Amino acid sequence: MALLLADADLGDSASACAPLIEPVRSGKADCTIALLPAQKGAGGHGFVTGLGRKYIYQLTGWEARQPLSGQRCLSWEAFSAALPLAAGWGVEVGMSIDLLQAGYRLQEVPCALQHRASANDFAGQVHRGRQYVDVWRAVLPRWWAARRKNS
């Protein structure tokens, strides 16, 4: 059995999450993550994505292309291993780190999904600032635990 997670703002493109399911159901992956095409109107500069990507790699050795993607399919075993989930916008980065450190297999899968993008206006910058803080809040305890373990 698998659990499919999808953002609420995918609209009609939500059906494009289907390719995430097969690798988990067949046992080829424990967690799949959607690789989305470039989103029309997106105004970010990559700081939050870069932060997530950097620490996933630093703490696990895995190179995530889209570490913030919320479209995921997980086996129930993998989902249970990811609990408790990190808060807010750090949930995906925390989940990836926790699963990889526990030996689970993650796979990114291209999906033709479209969601509401944050513009490069004041509201968009505030949104990205909140994301940045939440990703740090997910990363710091995991970084600290790895540092203590390795010292």
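Let me begin with a term: a residue is buried when its relative accessible area is under 20%, exposed when that area is over 50%, and partly exposed in between, with a 1.4 Å probe and protein chains only. On that scale, buried residues make up 42% of the 151 residues in the chain.

A word on the source, everyone: this is a predicted model, where local features need pLDDT of at least 70, side-chain atom pairs count only at pLDDT 80 or more, and totals for chains, interfaces and linings use all residues. Residues are numbered from 1 along each chain as its sequence is written, and side-chain values use heavy atoms, with hydrogens and water left out.

Now the overall picture. The chain has five helices and four strands; these are DSSP runs numbered from the N terminus, with helices being H or I of at least four residues and strands being E of at least two. Reading from the N terminus, the order is β-α-β-α-β-α-α-β-α. The C-alpha trace spans about 45 × 35 × 25 Å along its principal axes. The radius of gyration is 15 Å, which agrees with the value near 15 Å for a compact globule of 151 residues; this radius is taken over C-alpha atoms, and the globule rule is 2.2 Å times the number of residues to the power 0.38.

On to the sheet. The four strands form an open, mixed sheet in the order E1-E3-E2-E4, where two strands pair if DSSP finds at least two bridges between them. Strand E1 (2-5) and strand E4 (106-110) are at the edges with a single partner strand each, so one side of each has no neighbour in the sheet. On average, neighbouring strands are turned by 20 degrees against each other, direction ignored.

How do the strands pair? E1 and E3 are antiparallel over four bridges, and Leu5 stands opposite Arg72 in E3. E2 and E3 are also antiparallel, over three bridges, and there Ile33 has Arg72 as its bridge partner. E2 (residues 31-35) and E4, by contrast, run parallel and are joined by five bridges, with Leu35 partnered by Pro110. Look at E3 itself, too: Arg72 and Leu74 point one way, Cys73 and Ser75 the other way, and all are buried.

Which strands does H4 touch? H4 packs on the sheet against E1, E2, E3 (72-75) and E4, and its direction makes about 35 degrees with that of E3. Contact here means heavy atoms within 4.5 Å; axes are lines fitted to C-alpha atoms, for helices over the stretch in contact, and angles run from 0 to 180 degrees between N-to-C directions. Why is H4 (residues 91-101) largely enclosed by the rest of the structure? Because 10 of its 11 residues are buried, among them Val91, Met95 and Leu100.

H4 also meets helix H5 (residues 122-150): their axes come within 8 Å and cross at roughly 25 degrees. The two are therefore roughly parallel, a label for angles under 35 degrees, with over 145 roughly antiparallel, 65 to 115 roughly perpendicular and the rest oblique. Val93, Gly94, Ile97 and Asp98 of H4 make the contact with Val135, Ala138, Val139 and Arg142 of H5.

Last, two backbone details. Most residues other than glycine have a negative phi, and most peptide bonds are trans. After H4 comes Gly103, with a positive phi near 90 degrees. The peptide bond from Leu83 to Pro84 is cis, with omega near -5 degrees, and Pro84 lies in the loop between helix H3 (76-82) and H4.
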